[in-house]
Amino acid sequence: MENLFIPNPKEAESIHILREVAAQFERPVLLFSGGKDSITLVRLAQKAFFPAKIPFPLLHVDTGHNFPETIEFRDSLVKELGLELIVRNVQDSIDQGKVREERGRYASRNTLQTTTLLDAIEEFKFDACIGGARRDEEKARAKERVFSVRDDFGQWDEKNQRPELFDMLNGKIHVGQNVRCFPISNWTELDVWEYIRTENIAIPSIYFAHKREVFFRDGMIWTANEHVFREAHEEVVEKMVRFRTVGDMTCTAAVLSEAVSLDDVVSEIRLSTISERGARIDDKRSEAAMETRKKVGYF
Amino acid sequence: MDIQGRKLIKIATAGSVDDGKSTLIGRLLYDTNSLTTDKIEAIERNSRQRGYDYLDFSLATDGLVAEREQGITIDVAHIYFNTDKTNFIVADTPGHVEYTRNMVTGASTSQVAVILIDARKGVIEQTYRHFFISNLLRISHVVVAINKMDLVDYSEDVFLKIKSDFDALVEKSNFNEEQITFIPVSALKGENVTRKSEHMPWYLGNTLLDHLEILEPEDLQESSVARFPVQYVIRPKTEAFHDFRGFSGKLYGHSLKVGDEVTVLPSGNRSKIKGIQFFDQQIDLVAPGSSVTITLEDEVDCSRGDMIVRAGEEPSSEKAISATLCQVNSKALKVGGKYILQHGVNRVLAKVDQIESRIHTDFTGTEEADQLRLNDIGRVHFRLSKPIHFDSYQNSKSNGAFILIDEGSYDTVSVGFIE
C-alpha cells in the first residue's frame with residue numbers, strides 16, 4: 001500500500017518561499033528574535049533544506065532589554081542545530097551616539113532597533129532579511145508583500161510595491177537595495193501555535209503561565225523590572241501570567257493566564273478576545289503606528 | 001488540509017467603489033468571531049468619531065493611512081478567517097476603474113471569485129470587467145453577491161433582473177466551464193452572509209458562508225499533468241549524505257510516485273524517481289501542492305529552472321510564444337522592448353515581437369495598439385533567448401503563466417497567460 005503524502009498548504013508555501021530566498025539571493029539572513037514566529041521559521045528552514053544545513057545565518061538584534069529566558073533559549077537552539085548566529089546590540093548604537101535612549105513613562109528601545117538592524121545589513125552586505133511577520137498581525141501588514149523591496153535607507157514605499165502574481169517571486173534588486181522576505185505571511189497566530197504543538201517545537205518558557213512581578217497601567221500588564229519605567233504609585237503585584245509575543249520587556253505586555261502546556265495555550269488562543277498586537281504597547285501609540293514605523297525601516 | 005484537517009479556500013473579491021465589499025468582509029469576520037475585542041473596540045471608536053449610528057465594518061480591513069483618508073481601498077489586502085471546517089484567505093482587491101492590475105494580482109492566487117453588485121445599480125460596466133478578469137484568470141468558481149438588498153425592499157424581482165443581466169454577460173464569454181452562484185445579501189444588516197435572511201423567503205439557496213464552506217479544493221484543481229520545476233539543488237556534502245543530490249521544488253497538477261519514469265527538461269534526459277523526501281520522511285506517493293525533494297536513479301544534469309515531468313507528458317518547448325498580457329506597471333510595454341521573463345522559477349530574456357491587439361477599456365472588443373499601458377490587456381508575441389517548457393494557461397495555471405521584469409528597474413511590469 002502506498003502512503004500518499006498530502007501537504008499542509010501553508011507549510012508547503014513557506015518552504016517554497018524559503019527555497020526561493022536561498023536561490024535568488026547571495027547573502028540572506030534570518031532575523032531571529034527568539035519569539036515563536038522566528039522559531040517556526042527555523043523549523044521550516046530545516047525542512048526546506050534537509051538533509052543539508054540551513055544555508056544562511058541567524059541575526060539577532062539585541063536591545064539589551066530582552067527577557068533572559070529568550071536569550072538562553074536562543075543560545076541552546078543555535079547550539080543544538082549547529083546554526084551560525086550573529087548578534088548586534090542596540091547598546092552599541094547608543095554608545096556610538098547613533099541613537100538616543102528614550103526617556104519617561106513609555107520609554108522603549110523597540111524603535112531604536114531599526115538603526116542597529118540597518119547597520120548590520122550594511123556591515124554584512126545582507127541582500128535578503130527573512131522575517132516572521134504575518135499579515136494577520138496588523139492592518140498595515142495585510143498589504144505587505146512576501147518579497148518586500150527596501151531602498152538603501154531601509155524604507156518601505158507602500159504605494160510602489162511589486163505586485164506578486166501566482167507564486168512567482170521577483171527578488172531582482174540593485175546594489176544597495178535589500179529585500180525583506182516573509183515566508184509565513186499567510187499564517188495566522190493560531191496556525192503558528194497549532195504548528196508548534198503538532199511539530200512539538202520547543203519555545204521559551206515565558207510563553208507559558210508563570211508567576212511574575214508585574215504592575216497594571218492603561219489596562220495592560222507590565223513587567224516590573226529595572227528596564228521598565230514605573231511611577232511610584234504603580235504598585236507591584238505577583239500574578240500568574242504569560243506572554244503572547246516576545247518583544248522587549250519595555251513594549252510587551254503580559255496576559256493573565258493559567259496555560260502551562262501547548263494544549264492549554266492553543267485552547268486559550270482559540271477563545272481569546274485580545275489580538276496579539278493588542279498586547280504590544282508600541283502599536284497603541286497611534287492607530288497608524290505600525291505603518292509609520294515601517295516606512296522608516298522597522299521590521 | 002492543515003494540521004487540524006481543515007481545508008484551505010482562497011477567495012478573491014471584486015466590487016466597485018461603494019458596493020460594500022469591505023463591509024461584507026468585515027461582516028464575515030465579525031460573524032465568524034474572527035474580530036478580536038480590541039479590533040471591535042477600534043471599529044466602534046472610529047465609527048463614533050465619524051458620526052455613524054452603525055458599526056462600520058469596512059474599517060476592519062482598510063489598512064493604509066492614505067486609504068483611510070480617502071475612504072477607499074487601493075491595494076490588495078489579505079484577510080484571514082476560519083470556521084471549524086475551513087481556513088479562508090481573502091485577497092481583497094479593489095474594484096476601482098484604474099485597478100485592473102490589483103484584481104488580476106488578487107485573483108492569481110485565488111480559487112474562487114466573489115463579485116459584488118449593488119442591488120440598486122445592477123450590472124454595470126465594472127461588473128463586466130470583474131467577470132472578464134475572473135474568466136481571463138480561469139477562476140472556475142464565481143459567486144455573484146447581490147448586496148444592499150435591504151435598500152431595494154428585499155425584492156425578488158430586482159434579484160432576478162440582475163441575475164438575468166449577468167447571465168447575458170456569461171453568454172457572451174468564451175469560458176464555459178465556470179460555475180456561477182447568485183446570492184442576495186445585505187452585508188450591513190448581515191442578511192444571507194452567515195445567517196439565513198427572514199426577509200427573503202423566496203431565496204432557497206445557501207448563505208454566502210455556507211456556500212463557500214461546501215466548496216472542495218480538489219474540485220478547484222487546475223490541471224491533470226504533473227509539473228515539478230526545480231527550485232534548488234540540495235547537496236549536503238556531509239559524511240552521512242555524501243552522495244546525496246536532491247532536487248527540491250513544489251509539485252503542481254498531479255501526483256508523482258517513486259519509480260515513475262521521468263524526463264528532465266531542457267536536457268530531455270530520462271530517468272526514474274528513486275526517492276521522494278519531505279524533511280526526514282520518505283514518501284512513496286506525493287500529492288500536488290507539496291514542497292518536496294526528489295532524487296533520481298541516474299546522474300543527470302539538472303539545476304534550478306529545469307523541470308521534471310513524467311515521461312510521455314512533456315510540455316511544449318518553444319522560443320516563440322503568444323500570450324494574453326496584462327500590464328501591471330505604469331511604464332508601458334512597447335514593440336521591441338526587452339524584458340526578463342520569469343516562468344515559474346525559470347528566467348529567460350524576452351523581446352516583444354508584436355502587439356497584436358489591445359482589449360477595449362470597456363472589455364467589449366479589441367483594437368490595434370502599439371503599446372500596452374498600465375491596466376491594459378492585450379495579445380502579444382514574444383521571442384525568447386532560450387526555449388521555455390510550458391503548457392497553455394488553459395491547461396495549467398502554474399505552467400502557463402509568467403511575469404515580465406523590467407531590465408532597468410527590476411519591477412514586475414506584466415503578467416502573461418500563454419496560449
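The model is a predicted one.

**Stop 1: the two domains of chain A**

Begin by selecting residues 9–191 together with 288–295 of chain A, which the domain assignment gives as domain 1. Where they meet, 29 residues of domain 1 of chain A and 32 residues of domain 2 of chain A take part in the contact. Domain 1 and domain 2 of chain A bury about 2,600 Å² between them, and carbon and sulfur atoms account for 53% of that area.

Next, select A:His65, A:Phe67 and A:Arg105. Of the area that domain 1 of chain A buries against domain 2 of chain A, these three residues supply 29%, more than any other three.

**Stop 2**

How many salt bridges are counted between domain 1 and domain 2 of chain A? The count is 2. To view a salt bridge in chain A, show the side chains of A:Glu189 and A:Arg244; their closest N and O atoms are 2.6 Å apart. Between domain 1 and domain 2 of chain A there are also 5 residue pairs in polar contact, with both residues at pLDDT 80 or more.

Now display the helices on the side of domain 1 of chain A that touches domain 2 of chain A. The elements that each give two or more residues to this side are helix 2 (36–49), helix 3 (68–81), helix 6 (189–199) and helix 8 (289–295) of chain A. Helix 3 of chain A gives the most, with 4 residues. Sorted by class, this side of domain 1 of chain A has 9 nonpolar, 10 polar and 10 charged residues.

**Stop 3: A:Ser257**

Move to A:Ser257, in the loop between strand 11 (254–256) and helix 7 (262–271) of chain A. Is A:Ser257 buried or exposed? A:Ser257 counts as buried because its relative accessible area is 4%, and buried means under 20%.

Leaving aside residues up to four places away in sequence, A:Ser257 touches A:Ala209, A:Met240, A:Val241, A:Arg242 and A:Glu268. With A:Glu268, the side chain of A:Ser257 makes a side-chain polar contact at 2.5 Å.

**Stop 4: domains 2 and 3 of chain B**

Turn to chain B, where the assignment gives domain 1 (7–220), domain 2 (227–310) and domain 3 (316–418). Select domain 2 and domain 3 of chain B, whose centres, taken over C-alpha atoms, are separated by 30 Å. Here 10 residues of domain 2 of chain B are in contact with 6 residues of domain 3 of chain B. About 720 Å² is buried between domain 2 and domain 3 of chain B, 61% of it on carbon and sulfur atoms. Select B:Arg227, B:Gly305 and B:Met307, which supply 48% of the area that domain 2 of chain B buries against domain 3 of chain B, more than any other three residues.

Which residue forms a salt bridge with B:Asp391? The partner is B:Arg227, with the closest N and O atoms 2.7 Å apart. Finally, highlight strand 7 (residues 227–234) of chain B, which contributes 4 residues, the largest share of the side of domain 2 of chain B that touches domain 3 of chain B. By class, that side of domain 2 of chain B has 6 nonpolar, 2 polar and 2 charged residues.

Conventions. Residues numbered from 1 in each chain as written. Chains lettered and ligands numbered in written order. Predicted model: local features only at pLDDT ≥ 70, side-chain atom pairs only at ≥ 80, totals over all residues. Heavy atoms only, no water. Domains from an automatic or database assignment. Contact = heavy atoms within 4.5 Å. Buried area = accessible area lost by both parts, 1.4 Å probe. Salt bridge = Lys/Arg side-chain N within 4 Å of Asp/Glu carboxyl O. Nonpolar A, V, L, I, M, F, W, Y, C, P; charged D, E, K, R; others polar. Buried < 20%, exposed > 50% of the residue type's maximum accessible area, 1.4 Å probe, protein only. Polar contact = N/O pair within 3.5 Å; in protein donor to acceptor, adjacent residues only side chain to side chain.
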